[in-house]
Amino acid sequence: MAKPVRRFAPETGAKELLRRYRLVLEYDGTNFSGWQKQADARTVQGDVEKSAVRVFGDSVIDLQGCGRTDAGVHALEYTAHLEAASAIPPGQVARLLEESLPKDIAVRSVELVDPRFHARHSCLARSYVYQLRPRKSAFGKRYSWWIHAEPDLEAMEQAGAILVGMHDFAAFADKQELKKSTRVLVHQVRIDNDGEVVRVRVVGSHFLWHMVRRMVGVLVEVGCGRLAIADIGGLLHGPSDLPFHHTAPAAGLFFEKAFYDREELERFLAG
């Protein structure tokens, strides 16, 4: 059971009960400029923070997510933590947030956690799923990428396997990220096909800005025969403009899950 801590409130001269809540959120990213709060754009963090202020008043101290998501990217189980001077039980927090949040954000769960828990720093790995459609769908544009072709899934799997492991993904990074380490541990790249939708799942320690979308774009190029499997290894040896030119659209990408337990991660990777 997470133990709340107390902080001194100089405005009242009293000690307040400070609690940290773990939120699991679902959102349709179509009308958002990503997760991270921005002064001049609508973001998921910004909307959740506004709703939290309605629930907790000015006692909201901090709201942090498990990572950034691009503009237009969706989330199935996005983890964030919210710290507030409050004694409101988690179930009530979930209900009050649900009532206050806009229709394109939903609360999957709320629980009290140890004050040392951090949505981003405590995270061991993240999973993304990208949806591709070989054929056009009247309902698919918002949540998938119509690639106008039946891709060679075996070739995509072989290319994806080359990307698994600890590699330098500078070729898949934005230029501003080249100032820091571009090494990322990719645990898994998996291709699934249900006959209508091809899903590319990528699990990694973390991801660079636009990295997953560029990985998917390159795999589609391989699947459609416009890029050779043998070319993929060369993209792991330094910067390249090729992935940039094949960045997949944001609409097909879903943040799937954040992992905080090693055993849970291993079970997930085992399928």
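1. Let's start with Asp28 and Arg142: in this predicted model, their side chains meet in a salt bridge, with 3.1 Å from N to O. Asp28 sits in the loop between β2 (14-27) and α1 (44-56), and Arg142 in the loop between β6 (125-133) and β7 (145-146), so the contact ties together parts that are 114 residues apart in sequence.

2. Next, have a look at Asp104 and Arg42, another salt bridge, whose closest N and O atoms are 3.0 Å apart. Asp104 belongs to the loop between α2 (90-100) and β5 (105-113), while Arg42 belongs to the loop between β2 and α1, so this pair ties together parts 62 residues apart in sequence. Asp104 is buried, with a relative accessible area of 13%; Arg42, at 31%, is partly exposed.

3. Which residue forms a salt bridge with Glu256? The partner is Arg201, and the closest N and O atoms are 2.6 Å apart. Here the link runs between strands: Glu256 is in β11 (residues 253-259) and Arg201 in β10 (residues 198-204), distant parts of the chain 55 residues apart. Glu256 is buried at 12% relative accessibility, and Arg201 is buried as well, at 14%.

4. Finally, the overall tally: with a cut-off of 4 Å between the side-chain nitrogen and the carboxyl oxygen, the count comes to 20 salt bridges.

How values were computed: Residues numbered from 1 in each chain as written. Predicted model: local features only at pLDDT ≥ 70, side-chain atom pairs only at ≥ 80, totals over all residues. Heavy atoms only, no water. Helix = DSSP H or I, 4+ residues; strand = E, 2+ residues; numbered from the N terminus. Buried < 20%, exposed > 50% of the residue type's maximum accessible area, 1.4 Å probe, protein only.
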